[in-house]
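Student: Could we go through this structure together, starting with its pockets and then its charged contacts?

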Amino acid sequence: MKKRMLDTAMRLMEEGLIPSVSEVAEAAEVSRATAYRYFPSQAAMIQETVAQALGPILEWESDSTEAEERIADLIDFAYPHIETYEATHRAVLMLAIDQWTRGKAGTLGNEARLVRGNRKGLLNAALNPLKNRLSPAEFDRLTQALSLVFGTEALVVLKDISGLDGEEARRVAIWASLALVRSAIADSGAVERSRRQSGMKTKSGMKTARKRTGRTVN
């Protein structure tokens, strides 16, 4: 029964709707009482629908030990799946924006909020080889930057604003992601070199001070 409702919700979302629990119950020919027993709120139902749509993406894994290969593989794998259920993902985005707007207006009331953020876990997994190479702050910043080019919002921008098709959008997303990863690695290396040079200068200064005073500098 639950799967029947999720399949119906997804079908309605693919038709461009953002269905309520009652609307899905009616379309699936399920009683409202039964529907609300499975899904106490629209947000809960939509989130499970998205989880079903994402399916294989959430189970993504890579055997590569290189961060660049892993991030490229993630996008190469995920974007076609996102596009397959593009209408569903756009509907979720619309609901998130609608809830934000009503929240600002003070009209959201006690409605359960839609929780998003699957991309964070996926990006963390893809960047795992860099966890010991970047500082925690650098790692978090890279993950945050990559969230701008990975996901529904990025696909919408690349298609609607730039006029790209799905394949072109995927290639641009991979290019941008690799540029961000390489930049983060280069920046981290530059900081480390600067620290080493600073340390060498400090040691050199201490040696010079010892020579001038003939005493040990503590």
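**Pocket and salt bridges**

Tutor: The largest pocket has a lining of 19 residues, of which Val50, Leu54, Arg116, Gly117 and Asn118 lie nearest its centre. On a 1 Å grid over the protein atoms alone, a pocket is an open set of points where a 1.4 Å probe fits, with protein on both sides within 12 Å along at least five of seven lines; lining residues have an atom within 4 Å of a point. This is a predicted model, in which local features need pLDDT of at least 70 and side-chain atom pairs count only at pLDDT 80 or more, while totals for chains, interfaces and linings use all residues. Residues are numbered from 1 along each chain as its sequence is written, and side-chain values use heavy atoms, leaving out hydrogens and water.

Student: Which element gives the largest share of the lining of the largest pocket?

Tutor: That is α4, with four residues; helices here are DSSP runs (H or I, at least four residues), numbered from the N terminus.

Student: Changing topic, how many salt bridges are there?

Tutor: The count is 16, a salt bridge being a side-chain nitrogen of Lys or Arg within 4 Å of a carboxyl oxygen of Asp or Glu.

Student: Which residue forms a salt bridge with Glu86?

Tutor: Arg90 does, with the closest N and O atoms 2.9 Å apart. Glu86 and Arg90 are four residues apart in helix α6, about one helical turn.

Student: And is Glu86 buried or exposed?

Tutor: Glu86 is buried (under 20% relative accessible area), at 15%.

Student: What else pairs with Arg90 in a salt bridge?

Tutor: Asp160 does, also with closest N and O atoms 2.9 Å apart. Asp160 lies in helix α9 and Arg90 in helix α6, so the pair ties together parts 70 residues apart in sequence.

How values were computed
Helices (H or I, at least four residues) and strands (E, at least two) are DSSP runs, numbered from the N terminus. Buried means under 20% relative accessible area, exposed over 50%, partly exposed in between (1.4 Å probe, protein chains only).
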